[in-house]
Structure formats: C-alpha cells, structure tokens
Amino acid sequence: MDSNVASSEYWVGETNYSYLNTRVRAMESKLFKNDIYIKLLNMEVSQIARFLGEGNYKEEIESLSRTYRGVELIEHSINTNLGNSYHKLLKMSGEKAVKYAFAILTRWDIHNIISILRGKYSNATDYEIEKTLIPIGEIPFNFILSLVKIYSYEDVLRRLKKLDKFDFLDETKDIADIESELFKMYFKNTLDNFKKEKKSLFFKFIRTEIDIINIKNIMRMRRYGFAFDEEQKNIIEGGLFISIDDLSSLLRSSGDDFLKEMKKTPYGPIIEMHWQEKTLFYLEESLEKYLMKYAKEQFIGDPFTIMHVLHYIISKKIEVENIRKISRGKASNIEKKIIEDSLVI
C-alpha cells in the first residue's frame, strides 16, 4: 500500500485574496441566519429535510434521499455538504492557504480515524460507523472508507501504521491511549507549523482549543477519579491561558482553589455557572459554544488575509452542528428550549 496517501490537490496556485474573499463573501451570504434556526425548531424532522432540500442542501438531499430517510438523510446530507463546501473553498484558496489547509484537513482526518476506531472497539456495524464520518480530510476519503471494511480494531491500526504520519500507533494499546496520542500528535504538529506566527489569531485559536480539551479532561478526572498515568495521557501541552504545570496543580486543588484559579481565565464564568450540576454535559457543551463563538468573532480582519476563509470555515461548521442538534433533538422529542439553548447563534 502507498505509504503517502495524503492528498495534495489543494497545494497549487497563487492566492488571489481579492478574488478569494469575493467568493467567500458570496458563500457566507448563503449561511443560515438566526431566524432560520428558530424556524427549524418549529418543524418536524420530515419538514426539516424538505426545507434543506429546497435550499443550499438540495444537491445532497436529492442524491442521498434514495438511500436514507428522516434524521439519517439529514445527517448524511449535512456531512456531505460540509465536505463539498470545504473542498470548494480550499481548491480556490491557493498556496498561501497550505498551512491552514493542513491544520483544517488533518483535524477531520483525526475525527474520522477516531470514529472508526471507536466503532471497531465497540463492535459497531460498518453502517453505523460510516454514519459518523465526514467526507473531508488530507487523507483521501476512499482510504478512510476502506478502513471501515477492515475486520478488527487492531487491523485498522496496523494499516494506519503503514502511513508515515501514523507510524507511532500501537495496536496493543486501548482506544483511550490511541485517541490521546492522535490528538497530541495533531496539536503538536499544528503548533510547530505556526510557531513563527505566535501572535496570529489562528495560533491563539488552536491554543484555546487545547485549553478547552484540557479543562474537560481535568473536570472529568476531578469528578470521577484517575490513575497516575491517566494524568499524562489526558493533558495536552500548549494551552493559551493554562500551562501544563498549572493543570497538574488544578487537578489536585480543592474546589474553592480550582474555581479561584479558573476565574482568572475567560473560562471561569462558564465553569462557575455549571459547577453544581450533577453531570458535565452542559459544562462541556458550553465550553464548545465558547470556542465556536470565539473563533467566529475573532476571524474577521484585513480583506487581504486568510481570516475571511477561516471565518467561513468556522461559520459553516457551526451551521452544520446546529442543524444536527435540531434534527437529533426533534427526533428524540427533546424539549424545544433545551435544543435552542444548545445552539451557537
């Protein structure tokens, strides 16, 4: 098997920001406004699918309606549309987008690989695994789909190890260890790629995402306990407001001291709001909303930079996630107010 299956289809052509940002503004003008989400919240699942099929998701809904129905049709259509939108954007972005494309595409590779490994580890069917995949990434999607057809968790890892970038994987390790190593590899490589642009908004966004992941892991370990080696496994170096040394002490501090330290960061109000809750679900969801809102608000700037492209990428991801939350929530008969509160709008 080819050990370098990573695609290079985006790494060509000069970047013409005037042309690029005109096209991006046109794509962004088609994104859902807040009133559309309110409209969707008042629809049934079949009505949501019909609404999507009459607008920007028409091509995907029409193509996939022969195979899927209801929530599954919506899930597959928005995933495919997200991939199509990113492919279109990256193809016209030009060579100055190479580093950003690397970071964006590799992130989806990690998502897809972890989805497959989780599925294999829990003996999910190929069909169930494929539903979780997004057709975007540096690795060709056909290769990703071929991994789904492989029989076991260990066999998937053995095949991935033949790729240079994943040669560190070990099929004898459990899923939690593998996930940790994949995320650490992604963030280390991304920070290394942008180390000469430490003041850039993108660099700060990646470091903020590391903070969010670390806080989630610290909160889980504080609440449910942890073995000594889990601390090293669950903490990622490179956060913006919380250093790796601080994380170690935060893990072992009292509740009051933990809150006192977290209030020194932008995440303090979120943690304090959910501190007394029995589960971490709403805290983790609020931290994700903070990250998406942060990116959407920050990635606006000089029209002759990559910022407009990044703003669209985040905004499109938010749109797809909002549609997913609404359709899943409606299918599960979740109260409308709860679904609405989970949306990033």
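This is a predicted model: local features need pLDDT of at least 70, side-chain atom pairs count only at pLDDT 80 or more; totals for chains, interfaces and linings use all residues.
Reader: At what angle do the axes of helix α2 and helix α17 cross?

Author: Helix α2 (residues 34–41) and helix α17 (residues 307–331) have axes that come within 10 Å. Helices (H or I, at least four residues) and strands (E, at least two) are DSSP runs, numbered from the N terminus. Axes are lines fitted to C-alpha atoms, for helices over the stretch in contact, and angles run from 0 to 180 degrees between N-to-C directions. The axes of α2 and α17 cross at roughly 15 degrees.

Reader: What is the mean pLDDT of the protein?

Author: pLDDT is the predictor's confidence in each residue, from 0 to 100. In this protein, 94% of the residues reach 70 or more. The mean over the protein is 88.

Reader: Which element has the highest mean pLDDT?

Author: Among the elements of the protein, helix α12 (residues 228–234) has the lowest mean pLDDT, 80. The highest, 97, belongs to helix α3 (residues 45–53).

Reader: Which residues of α17 does α2 meet?

Author: α2 passes α17 in a right-handed crossing. A crossing is left-handed if the near helix is turned anticlockwise from the far one by less than a right angle, and right-handed if clockwise. From α2, the residues in this contact are Y37, L40 and L41. In α17 they meet E319, N322, I323, I326 and K330.

Reader: How many charged residues are in the contact of α1 with α5?

Author: R23, V24 and M27 in α1 meet S85, K88 and L89 in α5. Ala, Val, Leu, Ile, Met, Phe, Trp, Tyr, Cys and Pro count as nonpolar, Asp, Glu, Lys and Arg as charged, and the others, Gly among them, as polar. On this scheme the contact has three nonpolar residues and one polar residue, and its charged residues number two.

Reader: Are α1 and α5 roughly parallel or roughly antiparallel?

Author: Helix α1 (residues 17–28) and helix α5 (residues 70–91) have axes 10 Å apart. They pack at an angle of about 165 degrees. α1 and α5 are therefore roughly antiparallel.

Reader: Is the crossing of α10 and α11 left-handed or right-handed?

Author: Helix α11 (residues 201–224) and α10 pack at an angle of about 155 degrees, with their axes 10 Å apart. That makes α10 roughly antiparallel to α11. The crossing is left-handed.

Reader: Is S180 buried or exposed?

Author: S180 lies in helix α10 (residues 175–193). Buried means under 20% relative accessible area, exposed over 50%, partly exposed in between (1.4 Å probe, protein chains only). The relative accessible area of S180 is 11%, so S180 is buried.

Reader: How many Å apart are S180 and I236, C-alpha to C-alpha?

Author: Along the sequence, S180 and I236 are 56 residues apart. In space, C-alpha to C-alpha, their separation is 8.6 Å.

Reader: With which residues is Y290 in contact, leaving aside its neighbours within four places in sequence?

Author: Y290 lies in helix α16 (residues 281–298). At 21% relative accessibility, Y290 counts as partly exposed. Leaving aside its neighbours within four places in sequence, its contacts are T208, I212, P266, Y267 and I270.

Reader: Phi of N123 is near what value?

Author: Most residues other than glycine have a negative phi, and most peptide bonds are trans. N123 is found in the loop between α6 (98–121) and α7 (126–130), and N123 is exposed, with a relative accessible area of 69%. Phi of N123 is positive, in a residue other than glycine, and near 60 degrees.

Terms used
Residues are numbered from 1 along each chain as its sequence is written. Side-chain values use heavy atoms; hydrogens and water are left out. Angles under 35 degrees count as roughly parallel, over 145 as roughly antiparallel, 65 to 115 as roughly perpendicular and the rest as oblique. Contact means heavy atoms within 4.5 Å.
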